[in-house]
Amino acid sequence: MSYRIQGATGEWEVVIGLEVHAQIATEAKLFSGAATAFGAEPNSQVSLVDAAMPGMLPVPNRECIRQAVRTGMAIEAPINAWSRFDRKNYFYADLPQGYQISQLYHPLVGEGSIHIEAGEGAEKRIGIERIHVEQDAGKLMHDQHPTRSYVDLNRSGVALMEIVSRPDMRSPAEAGAYLRKLRAILRYVGSCDGNMEEGSMRADVNVSVRKPGEGFGTRTETKNVNSVRFVMAAIEHEAQRQVDVIEGGGRIVQETRLFDPDSGSTRSMRSKEDAHDYRYFPDPDLPPLVLDDAFLAECRESLPELPDAKRERYISGLGVTAANADVLIAEVSNTRFFEPLVAELARRTGKAEADVARAASNWLASDLFGALNRLGKEIDASPVSPAQGAELLALVADGTLSGTLAKQVFEIMLESGEDPGAIVDARGLKQTSDTGAIEAEIAKVLAANADKVADYRGGKDKLFGFFVGQTMKAMAGKANPAVVNELLKKALDG
Amino acid sequence: MSVDSATVRRVAGLARIAVSDAEADALVPDLDKILGFVEQLAEVDTSGVAPLAAVIPISLRLRDDVVTDGGDRDAVLANAPQAEHGFFAVPKVIE
């Protein structure tokens, strides 16, 4: 069950800790009024504070603090009503100040944890040591000029949360589950959009190996890995490399490494030996950050229902299967579709939500997700709205549509965006329970297939399905299957 | 605490200040004196005294999340020794 690396000298256990940098979703930067929008023209979102012009003073953005506090509350961590900013000093071309404003000694958020499921029902809590707020650096481009690096300071000064886990993970799968769960929580809270492709969320991956039961080995840190898949690949590669080094008689050096997505391997990022002496000290420009009870109360009251609570309510309260519940809660956008869908379906059918939620979740998890997958669309861009989905399911519930007809109507909805009721009316797709019409078609089918009727009556029961199919075909798919079955039985069995 | 020449060169390196070996040697007694002067503070018994976070008893003022700045690329780049295509251009910093 446990993840182990098979080495020449026996089994090795992998120990993983993740430092996640999550960009706080705000309009303006942490200490300046410049914009944070992704993809702007270079250096067009830079204030003189971000460019570190002499004499400029930082003033913190309340919303950055508020979102970090709400995130802390969501991982059940204590909030430090008194915290402080420190300077982390180093020189690099992407950091005009010569220091990053961060929080070393007195972070905003203390110790919390999140619950993960790493497949096969393997549950675990992963500890989070702290969350602190800090500035992002600018962006360097090295491939535009033979002897120059280009610097874009648009990202300089954007607010980040650094979310530091404990070394509690023991496999790439657990690290992947942790990242996905953390991203889901950030998206529920609304504190970060979790978009790893755009760099809104990046992970520094700490890995070490040891023989099971022994103390921690020396770790390496692989910087700035920007997808869940890459994090898992980096761990796998780095752990194997460490085992090979140790078993080859070598020693692991504590160092910073880079992940190369093309080869799936990590390599040493030499240099900056000195740079690790950051000479932190309290930022004299920034007095302590003191949060009052009203501020903290608003943060807590504005927290939405979180994934674990939602999963529990979907399963025990609404009767959704555990498998569907997992799919639904994985992304907050799914729940924002599902909940209005259920509410509207309950309203239309006059039933309780608990009586319609399972059907709604099945439709969402199979039909709609299947269609969106096929169309390459996210649920936010679904051509079918929750209200339209509910109308469709209500038409099935009241017998207007059979399952087959509903699928037909759904396909038309996907293409046209029309309401299901209008489609049914305009195209005459209503299911019929008109026994006279169905009996007339049955009579024709039996007359045209007299040989098969004889076979059936002679004991070939399986032919019943053939007659159902023929009758449905003659009715253009619109006959109520239950009525067809009943009438066919009567006609065939006499 | 006593400072040696290697420490002076290391501190200078961290601060990106060019210091020749001769200058570094000359700075050793200076830095030693400065540190010795500051170390007098250690003579005061501070057990039971909370660390002072700020000299005046104030806390941070916060601002609203509104875009009020930026959008002036030319001003930002005006003092750069070299700028190209809207970027700062600096000596290549990749290994």
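Strands here are DSSP runs of E with at least two residues, helices are runs of H or I with at least four, and both are numbered from the N terminus. This is a predicted model, where local features need pLDDT of at least 70 and side-chain atom pairs count only at pLDDT 80 or more, while totals for chains, interfaces and linings use all residues. Residues are numbered from 1 along each chain as its sequence is written, chains are lettered from A in the order in which they are written, and side-chain values use heavy atoms, leaving out hydrogens and water.

β1(B) and β2(B), the latter covering residues 87-91, run antiparallel and are joined by two bridges; two strands pair if DSSP finds at least two bridges between them. Step back and you see an open sheet of four strands, in the order β8(A)-β9(A)-β2(B)-β1(B), with antiparallel pairing. Its edge strands are β8 (139-141) of chain A and β1 (83-84) of chain B, each pairing on one side only.

Now for the interface as a whole. Chain A brings 53 residues to the contact and chain B brings 38, where contact means heavy atoms within 4.5 Å. Between them the chains bury about 4,000 Å², 59% of it on carbon and sulfur atoms; that area is the accessible area (1.4 Å probe) that two parts lose on being put together, summed over both.

Two salt bridges run between chain A and chain B, counting a side-chain nitrogen of Lys or Arg within 4 Å of a carboxyl oxygen of Asp or Glu. B:R10 forms a salt bridge with A:D277, with the closest N and O atoms 2.5 Å apart. Over all chains, the search finds 37 salt bridges. Among them is A:E13 with A:R210, whose closest N and O atoms are 2.9 Å apart. A:E13 sits in β2 (residues 10-23) of chain A and A:R210 in β11 (residues 201-210) of chain A, so the pair ties together parts that are 197 residues apart in sequence.

Last stop, a pocket: on a 1 Å grid over the protein atoms alone, an open set of points where a 1.4 Å probe fits, with protein on both sides within 12 Å along at least five of seven lines; lining residues have an atom within 4 Å of a point. The second largest pocket is lined by 16 residues, with A:E331, A:S333, A:N334, A:E378 and A:I379 nearest its centre. α7(A) gives the most to this lining, with four residues.
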